[in-house]
Amino acid sequence: MSKFAHLIHGFELTLFRHPRTILVAIALATLFFAAQIPGLRMYSDFADLLPQSHPYIQLHNEIKDNFGGANVIVVGVEVEEGDIFSNETLSLLHEVTQAVDELPGVNHNLVTSFTHRTTRKVWLTEMGSINSDPYFKPQDPPLSEEELAILRRQIVANPAVYGPLVSPDMKMALVKAQLNEGALDYEVTFEKLQQLREEYAQPGVAIHATGQPVLIGWAYFYKNQIFQILAFTALIMVTLLITHFRTLYGVLVPLAGVLVSTIWGLGIISLFGYNLDPLGLVIPFLISARAMSHGIQIVERYYAELQDREHSNFAARATFEALFRPGSLGVVSDAIGLLLIAIGSIPLNTKLAHYASLWALCIIITVLIAVPLLLTILPTPKNITLKKNALRAVGEGSARLVTGRPSQVIALMALAVLVGGYFASKVKIGESEPGSPILYQTHDYNISSRKINDSFPGSEELYIVAEHEEEGGIKKPEVLTALADLERHMLLDPEVGGAKGIPDLVKQVNRLLHNNDPRWQQIPKDELYVGGLLFAYMASSPIPGALKEFVDPADRVANLVFYYKDHQGETIRRAIHTAKQWIAEHGDDVPGLQIRLAGGTIGVTAAMNEAAFETNKLVLPLVFLLIFLSVMVFYGSLHAGFLMLLAMLFATTLTYAYMGLTGVGININTVPIVAVGVGVGIDYSIYMMDRIREQRLKMPSLTEAVRSALASTGLAISFTALTLIAGIVMWIFLSDLRFQADAALLLSVMVVLNALAALLLIPSWVLVFKPKFVDALEMDEDGFIHQKHEE
């Protein structure tokens, strides 16, 4: 600790010998970063949301071009009266299907609808051959009532259409389209889709749209709200500064620090070649608010130092000496929380971790160093009296409570942790409700999702892929029998609305070739015969690739599709568990056959949920450990690190309790928010602990030191907490993206809980246990506080 302290002292002497030179260097760096900002882009990439090292995502990447993936648009055409089997509705459905097929970025080989040319009825001709035709031919004259009734019966007879593409009540039909991932402009695709919905919507007919690309499109749609939120946030910040300081210095100096740190942060993102994702903007706002709060603490301490020192240079230097160490430790804690997000395999969070942690560290230069140096060269302010405000009562009230009943405060907070632990155990992995938590339940997207989920036994797809080591291996009877058994096993789950796979096709064609006799709906025992059935089906179709949705061209890889009602966390866990159960029992029954999990919307979401859970298990303990070690080394005390651990445990447990009570699940969006909240929130406890140590040298007793620290730092903590919340609060009220609002609210809750830990837990613990690193101190010749003896 002594070497580190003297190193900082030497650094301080260097800084304050050449303040103008240092500030010019910072200004030049700011100009450099500002020049990078025009190259910054804001967009979302679906691949960035996926944990690329997860086996499910590796499978998804392998099969998405052949069998499709999770990047799918689902459009539902719903009639209010009657059913879809009218000439007008069928024509409309066909037009919608063609329009969806023409959307930018659509994979034209992976569009499905019962009016699409690839969805066909198959029958046996009088000559004994198999023939097929589309269910709907737009060039034919309008169908009679009798023909419509026949079409209705044909649809009901085909389980691959009735259920997956046409709802059981026949009031809605789906159009599904896979998008080509990569260089895809979601904004343009979404804009064209919305135009399609407006164009084809009619009285009595609703056009619904859901799916991951639609969700990303809505995020783009609301991106202009960012500027509105930014403007209101700036207004709130300036109002807070004016209300608190009521001086020009108090307003302009913290704002200058925020502006410079923001330019550095945005420049870093551009230099890295990263993009700003519309869904991740709350954290940059939080970092900027953090820079503001550090600036406020510096200016407030500077005013306090001017009460005892006449010259601004001495006051600025004393401010630096008092706040640089705890401030730097707080910034490092912020950066640790941000950087550890990169541990997971989700590219979006990895990028966020890289640029956000560097952005946070820049606060050391742009605020903790630059602001005191700026104050040394500015004229001494004439008005240095801070007006009293209501927040001072927070520190004074905390002081009365803590110094009067410290043991009871600790007991009460321990009880809160125990109760919070119970509710924290209720937090779910993944989504806790249908639709998407990124948008409000009343939003058009979630209304569309509910309408589709309510109408269909299964609109969310799980892909299970079977691979055989031999070319043509899928045609082996024992392979098909095993896959049919896997289908039966999966269909035991009442939540499965249906299935589609190569065993069903083989049995259906076999039955057709035997005069539609149901006794022949079975898998033949001869591989060559199976090959003949598949060839007959393929030859009956006038369009190429009739088998593409079932098997690859080499007949070595087959895709089994299972339809689920939603992609809630519980649904996904049950689906994956059911599949793993069969694989564990029968996965090795057929030599050369491998069953792989999992693709489709269910498989990809399962990978994201599993990655979020694993990351959450790893990141939070590491954040705790690294902050514990940083504080322990910084103060040279194991007890100091343990005390910060207690503060983090209190705030984090109650944060998870809040998540459990409000239904906020653990997913790829919430994991980084919690990690960031821990890093940012612990700053308050560090400041409080440092201030108590400082006051202990001046006061005759520990109780007086705690009371004095709470009276002064309590105000600073309250105001900086208010500043942090003000930096993100407008997301709660103005953002139509529920995730951004929920993230801002979750961070606000964490800020309040961490402030409570700093105001109540830290001083109470110090009073009850009297740790030596606080109560047995001395000051060296450089003005640094040390513990007298080793603990």
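**Reading the model step by step**

Mentor: Let us begin with an inventory: the secondary structure of this protein consists of 25 helices and 14 strands. Please keep in mind that the model is predicted.

Trainee: What percentage of the 791 residues counts as buried?

Mentor: The share of buried residues is 59%. The protein exposes about 31,700 Å², and 60% of that area is supplied by carbon and sulfur atoms. As for contacts between residues at least 6 apart in sequence, 80% of them join residues at least 24 apart.

Trainee: Which residues does Leu 761 contact beyond its neighbours within four places in sequence?

Mentor: Leu 761 belongs to helix 24 (residues 738–769). Leaving those neighbours aside, Leu 761 is in contact with Met 413, Leu 646, Ala 647, Phe 650 and Leu 756. Consider Met 413: the sequence separates Met 413 from Leu 761 by 348 residues, yet their C-alpha atoms are 7.4 Å apart in space.

Trainee: Is Leu 761 buried or exposed?

Mentor: The cut-off for buried is under 20% relative accessible area. Leu 761 has 6% relative accessibility, so Leu 761 counts as buried. Not counting residues up to four places away in sequence, Lys 476 touches His 468, Glu 470 and Glu 527.

Trainee: How does one describe two packed helices?

Mentor: Two packed helices are described by the angle between their axes and the distance between the axes. Here, the axes of helix 19 (residues 569–586) and helix 20 (residues 600–635) come within 10 Å and cross at roughly 105°. Helix 19 is therefore roughly perpendicular to helix 20. The contact involves Gly 569, Ile 572, Ala 575, Ile 576 and Lys 580 on helix 19, together with Ile 602, Thr 605, Ala 606, Asn 609 and Glu 610 on helix 20.

Trainee: How many salt bridges does the structure hold?

Mentor: The structure holds ten salt bridges. One of them joins the side chains of Arg 152 and Asp 83, with an N to O distance of 3.1 Å. This pair links distant parts of the chain, 69 residues apart: Arg 152 is in helix 5 (residues 145–157), while Asp 83 is in the loop between strand 2 (72–79) and helix 4 (87–101).

Trainee: Which parts does the salt bridge between Arg 197 and Asp 444 tie together?

Mentor: The closest N and O atoms of Arg 197 and Asp 444 are 2.8 Å apart. Arg 197 lies in helix 6 (residues 186–200) and Asp 444 in helix 15 (residues 444–455), so the pair ties together parts that are 247 residues apart in sequence. Arg 197 is buried, at 10% relative accessible area, whereas Asp 444 is partly exposed, at 29%.

Trainee: Where do Arg 488 and Asp 485 lie?

Mentor: Both lie in helix 16, three residues apart, about one turn of the helix.

Trainee: Which residues make the nonpolar surface patch?

Mentor: Phe 32, Leu 271, Phe 272, Val 332, Leu 358 and Leu 361 make this patch of about 470 Å². Helix 9 (248–272) and helix 12 (347–377) are the elements that give two or more residues to the patch. Phe 32 is found in helix 2 (residues 19–36) and, at 42% relative accessibility, counts as partly exposed.

Notes. Residues are numbered from 1 along each chain as its sequence is written. This is a predicted model: local features need pLDDT of at least 70, side-chain atom pairs count only at pLDDT 80 or more; totals for chains, interfaces and linings use all residues. Side-chain values use heavy atoms; hydrogens and water are left out. Patches are made of residues with over 30% relative accessible area and no salt bridge: like charges are joined within 9 Å, nonpolar side chains (Val, Leu, Ile, Met, Phe, Trp, Tyr) within 5 Å. Accessible areas come from the Shrake-Rupley method with a 1.4 Å probe; for residues, only the protein chains shown count as cover. A salt bridge is a side-chain nitrogen of Lys or Arg within 4 Å of a carboxyl oxygen of Asp or Glu. Helices (H or I, at least four residues) and strands (E, at least two) are DSSP runs, numbered from the N terminus. Buried means under 20% relative accessible area, exposed over 50%, partly exposed in between (1.4 Å probe, protein chains only). Axes are lines fitted to C-alpha atoms, for helices over the stretch in contact, and angles run from 0 to 180 degrees between N-to-C directions. Angles under 35 degrees count as roughly parallel, over 145 as roughly antiparallel, 65 to 115 as roughly perpendicular and the rest as oblique. Contact means heavy atoms within 4.5 Å.
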